[in-house]
Amino acid sequence: MTPAVRIATGAELRITNGPRELMVVCVNGGQATEAEGTWSASLEWLVRRLAPLFPELGFGEVRYRVKSWRRLELCIEDARAAIREAGGQRTLLLGFSMGGAVAVACADEPSVERVVGLAPWIPDRLRVDAIRGKRLDVLHGSLDGSLPGIPGVSPRHSRRGFERVRAVGAAGDYTLIPAALHGIALRSPGGRLVPLPRAQAWARLVAAQLERFSSPRSSENITRSTRRPSRGL
């Protein structure tokens with residue numbers, strides 16, 4: 001496991017593949033209660049899966065000081081500090097659940113080109129002007145939020161946030177993943193990462209986003225999407 005470093009806000013950042021000119025900064029979800037930050041099982045599983053396929057990209061995972069949507073402003077501060085600490089000349093933000101709101105709010109950082117939201121929570125109260133002129137691509141499980149007793153974000157909610165982002169002048173696509181749930185992986189009591197159903201579909205779709213980002217012509221193609229072959233997924 002890559003060692004974590006403490007960044008300016010007191011949050012933690014760990015980077016896989018080392019610092020690169022092209023950085024993928026991964027921001028976690030949250031909860032109602034104000035709890036100490038943790039590493040995201042879903043994002044960690046994706047990084048372990050995808051980093052070897054994209055050696056030209058650095059992958060930075062953020063551990064918030066407090067992972068709660070009641071302290072969203074602290075999570076945004078942590079993500080901004082992580083983007084700067086990672087030092088990419090070009091940055092893609094990969095935001096899971098509440099991390100979608102965090103990523104959209106940080107999209108005005110100079111190095112950020114695009115945001116990929118994984119089942120993103122984008123509340124109506126969140127100002128989305130920061131992503132104007134950039135790109136938001138949303139991937140969302142079709143069964144998210146539909147199972148009793150299992151928390152999540154409904155596709156209808158993320159679609160509403162996506163449309164608000166489009167309305168301020170951002171490009172992007174919205175993709176539903178059939179039969180997928182809210183998360184991509186869980187952490188067992190022993191610490192092992194356990195992929196959830198449809199995890200491979202999530203990985204393929206995220207890999208396609210990374211292909212577009214890593215293309216030398218990516219910055220010229222912000223307003224349109226292209227399909228490229230996957231890297232062995």
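Me: Which residue of S7 stands opposite Val116?
Reply: This is a predicted model, in which local features need pLDDT of at least 70, side-chain atom pairs count only at pLDDT 80 or more, and totals for chains, interfaces and linings use all residues. Residues are numbered from 1 along each chain as its sequence is written, and side-chain values use heavy atoms, without hydrogens or water. Strand S6 (residues 112–118) pairs with strand S7 (residues 135–141) in the parallel sense over 5 bridges, where pairing requires at least two DSSP bridges. Within S7, the residue opposite Val116 is Asp137.

Me: Which strands stand at the edges of the sheet?
Reply: The open sheet has mixed pairing and 8 strands, ordered S1-S2-S4-S3-S5-S6-S7-S8; strands (E, at least two residues) and helices (H or I, at least four) are DSSP runs numbered from the N terminus. From one strand to the next, the twist averages 20°. Two strands have a single partner each, so one side of each lacks a neighbour in the sheet; these edge strands are S1 (4–6) and S8 (174–177).

Me: At about what angle to S6 does helix H5 run?
Reply: Angles run from 0 to 180 degrees between the N-to-C directions of axes fitted to C-alpha atoms, for helices over the stretch in contact, contact being heavy atoms within 4.5 Å. Helix H1 (residues 41–50) lies across S2, S3, S4, S5 and S6, at about 165° to S4. Helix H5 (residues 199–214) lies across S3, S4, S5, S6, S7 and S8, and its angle to S6 is about 175°.

Me: Which strand gives the largest share of the lining of the largest pocket?
Reply: The largest pocket holds about 690 Å³ and has 26 lining residues, with Gly30, Phe96, Pro151, His182 and Leu186 nearest its centre. By class, its lining has 13 nonpolar, 11 polar and 2 charged residues. H1 and strand S9 (185–187) are the elements giving two or more residues to this lining. The largest share, 3 residues, comes from S9.

Note on methods
On a 1 Å grid over the protein atoms alone, a cavity is a set of points where a 1.4 Å probe fits but cannot get out, and a pocket is an open set with protein on both sides within 12 Å along at least five of seven lines; lining residues have an atom within 4 Å of a point. Grid points are joined across faces, edges and corners, and a volume is the space filled by probe spheres set on the points. Ala, Val, Leu, Ile, Met, Phe, Trp, Tyr, Cys and Pro count as nonpolar, Asp, Glu, Lys and Arg as charged, and the others, Gly among them, as polar.
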